[in-house]
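User: I have this model open and would like to go through it with you, one question at a time.

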Amino acid sequence: MESGRRSLAKMLVCRLWMTISKALFAEFLATGLYVFFGMGSALRWPLALPSVLQIAITFNLATAVIVQITWKASGAHVNPAVTLAFLVGSQISLPRAVAYVAAQLAGATAGAALLYGVTPGDIRENFGVNMVRSSASTGQAVAVELILTLQLVLCVFASTDSRQTTGSPAATIGASVAVGHLIGFYFTGCSMNPARSFGSAVIVGKFEVHWIFWVGPLTGAVLASLIYNFILFPDTKTLAQRLAILMGSAEMEKTEGEELQKKETQSNSEDTEMESVCQVA
C-alpha cells in the first residue's frame, strides 16, 4: 500500500514537472520570437526607415502568432507584467510565476542576441533600447507605460476568461499591443513588457532609465488585475483557495485528480471489455 502511494506521488511529480517544463520552454520560445520580430521591425535601415505604423503592425502580428502557438502550452504570457497580473488574480502559483519570468527574461535576451548577431553593425545604433524622449519627464514616461500596460492586461484577461469568451485570444491581444505602440512609441518607444526592454538593454549594456520599464508596466499590471478580478468580474475563490493556488498545492491536487480520473476511466474500460468478453463467451 505504501509503495503504491509512493509510486503515485512520483508519477504526479514527474507529470507536473513535464507540464511545467513544457510551459517554460513555450514562454522562452515565445518571448524570444516576440523580441526578434518586434525589435527587428524598428531597425533603422537607411533605404527604408520604419514608420510607427509598420512597427505597430509587426508587433501586432508577432503577438498574434506567438499567442496562437503557445496559448495552450503556457497561457502565452510572454511578459512579466502579465504573469504578475495572473499571480495577483490567483490564477497562477508563485513558484510557476517566478519560473515564467525567468524563462521570459532568458528568451528575450536570446532573441535580442540573435537579432544583434544577424544585424549589420551600422544598423544597430541603440538597438531598440527603450528610452524616454527628451521632451518627456520620467514621471510622464512611467505614467504612459502604466496606462499602456493597464489596457494590455485588461485585454489579456478579457480575451482569455472562459466566462467571457471562447476560442483563441490571439487577434485581440495582438490588437491591444498595436494600440499601445501607436501612442507609446512617441513617449518611450513603447515597452509594456519588462522582458522586451531587458533583452535589448542586456545586449548593448544600457540601463540608464531601465527601471521605468519595470515600475510602469508592473504597476499597471497590478491595477488591471485588481480592476478585472475584483471589480469588473470578481470570482468566488475563497481565501483558502487563493492561498492554495499561490503556494502551488492546487496544481498538485489538480494533477492528482486528473491522474485518478484517468485510472478510473481505464479501470471502467477494462471492466467493460471483460463484460463484453463474458457475454460473447
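User: Tyr228 to start with: buried or exposed?
Analyst: Tyr228 counts as buried, at 3% relative accessibility; buried means under 20% relative accessible area, exposed over 50% and partly exposed in between, with a 1.4 Å probe and protein chains only. Please bear in mind that this is a predicted model, in which local features need pLDDT of at least 70 and side-chain atom pairs count only at pLDDT 80 or more, whereas totals for chains, interfaces and linings use all residues. Residues are numbered from 1 along each chain as its sequence is written, and side-chain values use heavy atoms, with hydrogens and water left out.

User: How much of the chain is buried, then?
Analyst: Of its 281 residues, 41% count as buried.

User: And how many helices and strands?
Analyst: The chain has eleven helices and zero strands, where helices (H or I, at least four residues) and strands (E, at least two) are DSSP runs numbered from the N terminus. As for contacts, meaning heavy atoms within 4.5 Å, residues 24 or more positions apart account for 79% of those with a separation of 6 or more.

User: Okay, rings. How many aromatic pairs does a search of the whole structure find?
Analyst: The search finds seven, with rings of Phe, Tyr and Trp (its six-membered ring) taken as a pair if their centres lie within 6.5 Å, and with planes under 30 degrees apart counted as stacked, over 60 as edge-to-face and the rest as tilted. One of them is Tyr116 with Phe127, which is edge-to-face at 5.1 Å centre to centre and 85° between the planes. That pair links distant parts of the chain, since Tyr116 sits in helix α4 and Phe127, eleven residues apart from it, in the loop between α5 (121-124) and α6 (138-160). Tyr116 is partly exposed, with a relative accessible area of 29%, whereas Phe127 is buried at 2%.

User: What about Tyr228 and Phe233?
Analyst: Tyr228 and Phe233 form a tilted pair, 5.0 Å centre to centre with 45° between the planes. Phe233 is partly exposed, its relative accessible area being 31%, in contrast to the buried Tyr228.

User: Which residues do ring pairs link into a cluster?
Analyst: The cluster is made up of Phe86, Phe157, Tyr228 and Phe233.

User: Switching to helix packing: at what angle do α3 and α4 cross?
Analyst: The axes of α3 (residues 80-88) and α4 (residues 94-118) cross at roughly 175° and come within 9 Å; these axes are lines fitted to C-alpha atoms, for helices over the stretch in contact, and angles run from 0 to 180 degrees between N-to-C directions. The two helices are therefore roughly antiparallel to each other, given that angles under 35 degrees count as roughly parallel, over 145 as roughly antiparallel, 65 to 115 as roughly perpendicular and the rest as oblique.

User: Which residues make that contact?
Analyst: From α3 there are Pro80, Thr83 and Leu87, and from α4 Leu94, Ala97, Tyr100, Val101 and Gln104. By class, these are six nonpolar, two polar and no charged residues, with Ala, Val, Leu, Ile, Met, Phe, Trp, Tyr, Cys and Pro counted as nonpolar, Asp, Glu, Lys and Arg as charged, and the others, Gly among them, as polar.

User: And α8 with α9, how far apart are the axes?
Analyst: The axes of α8 (residues 194-204) and α9 (residues 212-232) are 9 Å apart, and the helices pack at an angle of about 170°, so they are roughly antiparallel to each other. Pro194, Ser197 and Phe198 in α8 meet Phe213, Trp214, Pro217 and Leu218 in α9, which makes six nonpolar, one polar and no charged residues.

User: Gly199 lies in α8. What does it touch?
Analyst: Not counting residues up to four places away in sequence, Gly199 touches Ala108, Thr109 and Ala112. Gly199 and Ala108 are 91 residues apart in sequence but 4.7 Å apart in space, C-alpha to C-alpha, and Gly199 is buried with a relative accessible area of 0%.

User: Last one, Gln68: buried or exposed?
Analyst: Gln68 is exposed, with a relative accessible area of 52%, and its place is in helix α2 (residues 52-74). Leaving aside neighbours within four places in sequence, Gln68 is in contact with Ser168 and Ala170, and the C-alpha atoms of Gln68 and Ser168 are 6.7 Å apart.
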